[in-house]
Amino acid sequence: MTRWLTLALITVVATAGASWLAVPSAGLFVALFVALVFALAGWAPRSGVPRRWGIAAQAVLGVEIGTLVQREALATLGDAWVPVVAACVGTLVLSIAAGALLGLRRDVDSLTGALALVAGGASGLVAIAQELGGDERIVAVVQYLRVVLVTTTMPIVAIVVFSAHGNGDAIIDTSDAGAPWLLDLAFVAICAAVGYLLARLIRLPAPGLLGPMIVVTAIDLLGVSIDGNVPALLLTAAYIGIGWQAGLKFTMDSLRTISRILPTALLLIIGITVGCAVLGLALAATTSMSAYDGYLATTPGGVYAVLAIAASTGANVTFVVAAQVIRVFMMLFAVPVGAKIVRHYRRP
């Protein structure tokens with residue numbers, strides 16, 4: 001218990017500091033780093049994160065991702081549906097190809113390589129990596145490297161390449177304004193429980209994440225008016241749980257393995273980012289959107305950062321929102337199903 005309390009205290013303080021510094025996905029990756037240090041120093045709780053905690057964290061994350069869907073935003077795509085979906089498929093193909101290249105290394109299997117380099121839903125992929133048969137430690141580190149790289153270079157590209165400038169508009173509101181927090185908690189609990197049970201019933205892979213995500217998405221697409229959100233503290237707690245789950249399993253051997261693959265992973269991430277930028281230009285050429293809108297719509301990482309940049313630089317926010325949400329959903333659905341097929345046909 002003392003180890004858990006110490007781990008929790010240091011993680012919470014460090015997460016608060018990282019959030020103040022606007023570190024991307026602070027709760028998840030601070031928890032990963034702190035748990036890694038505890039594991040290597042021999043201070044980690046011996047039991048590790050209980051499986052039910054991991055499933056609960058996945059469910060909260062699934063509800064949060066589901067709330068990103070806005071029927072009105074998707075409706076604005078109009079005739080651009082086909083090009084947007086084609087760009088998302090192209091991103092998936094790029095990710096799988098890069099993952100296959102990373103999987104050619106002797107110290108990384110092909111499934112882990114694919115999970116680590118899929119450009120969409122970093123926190124969700126880390127949460128379900130172990131369940132799908134991948135090494136969640138490698139997935140967590142490489143996914144965070146992707147998020148940091150894309151998030152830090154995006155403003156530079158926006159200014160240097162597209163001459164975008166801030167217009168002082170407010171960024172996308174991700175606060176808990178709306179229903180009282182007790183109703184928000186009830187909304188999360190019901191959607192999580194119903195989604196998980198339904199996903200288990202139909203044997204959906206990664207039921208903790210995908211089940212609640214499907215339920216919340218269906219609620220919005222069916223036009224049911226429920227003003228529910230995931231409370232910020234609950235979402236941060238879920239991120240921390242996912243970070244701990246991966247970080248507490250680190251060993252010196254796994255750390256050495258990851259350090260050896262990072263240069264290769266960095267080059268592949270750069271390749272995916274450039275490839276997605278090309279897809280963005282193709283998307284702009286086949287729709288009425290500008291090249292800048294196309295770039296933001298296909299940028300492979302940091303959804304909230306992308307939306308903030310779009311809102312503050314006068315881009316077509318609704319188009320960018322719709323394209324980014326479709327990308328995240330496609331990745332998070334395609335990867336578990338693909339992993340299940342791979343496991344089924346993989347030779348013993």
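Modeller: Arg 105, Asp 107 and Arg 260 are linked in a network of salt bridges, where a salt bridge is a side-chain nitrogen of Lys or Arg within 4 Å of a carboxyl oxygen of Asp or Glu. Before we go further, please keep in mind that this is a predicted model, in which local features need pLDDT of at least 70 and side-chain atom pairs count only at pLDDT 80 or more, while totals for chains, interfaces and linings use all residues. Residues are numbered from 1 along each chain as its sequence is written, and side-chain values use heavy atoms, with hydrogens and water left out.

The helices named here are DSSP runs of H or I with at least four residues, strands are runs of E with at least two, and both are numbered from the N terminus. Side chains of opposite charge can pair when their charged atoms come close.

How covered are the two partners? Arg 260 counts as partly exposed at 44% relative accessibility, and Asp 107 is also partly exposed, at 24%. Here buried means under 20% relative accessible area, exposed means over 50%, and partly exposed is in between, with a 1.4 Å probe and protein chains only.

An α-helix has 3.6 residues a turn, so residues three or four places apart point the same way. Arg 256 is partly exposed, at 41% relative accessibility. A further salt bridge brings together the side chains of Arg 137 and Asp 135, at 3.0 Å, N to O.

From the charged pairs we can turn to the rings. The structure holds seven aromatic pairs; rings of Phe, Tyr and Trp (its six-membered ring) pair if their centres lie within 6.5 Å, and planes under 30 degrees apart count as stacked, over 60 as edge-to-face and the rest as tilted. The rings of Trp 4 and Trp 244 have centres 5.7 Å apart and planes at 50°, so this pair is tilted. Trp 4 belongs to helix α1 (residues 2-20) and Trp 244 to helix α11 (residues 232-247), so the pair ties together parts that are 240 residues apart in sequence. Both Trp 4 and Trp 244 are buried, and together with Trp 53 they form one aromatic cluster.

What about the nonpolar interior? A nonpolar core is a set of buried Ala, Val, Leu, Ile, Met, Phe, Trp, Tyr and Cys residues joined through side-chain atoms within 4.5 Å. The largest one has 91 residues, and in it Val 84 and Leu 296 touch the most other members. Helix α15 (residues 317-345) gives the largest share of this core, 13 residues. Apart from it lies another core, of 15 residues, whose members include Val 30 and the ring residue Trp 244. Val 84 touches Leu 77, Leu 283, Phe 319, Ala 323 and Ile 326, leaving out residues up to four places away in sequence, where a contact means heavy atoms within 4.5 Å. Leu 296 is one of the buried residues of α13, a helix (residues 291-298) that is mostly covered, with seven of its eight residues buried.

Finally, for the whole chain, there are 15 helices and zero strands, and buried residues make up 51% of its 348 residues. Along its principal axes the C-alpha trace spans about 55 × 50 × 45 Å.
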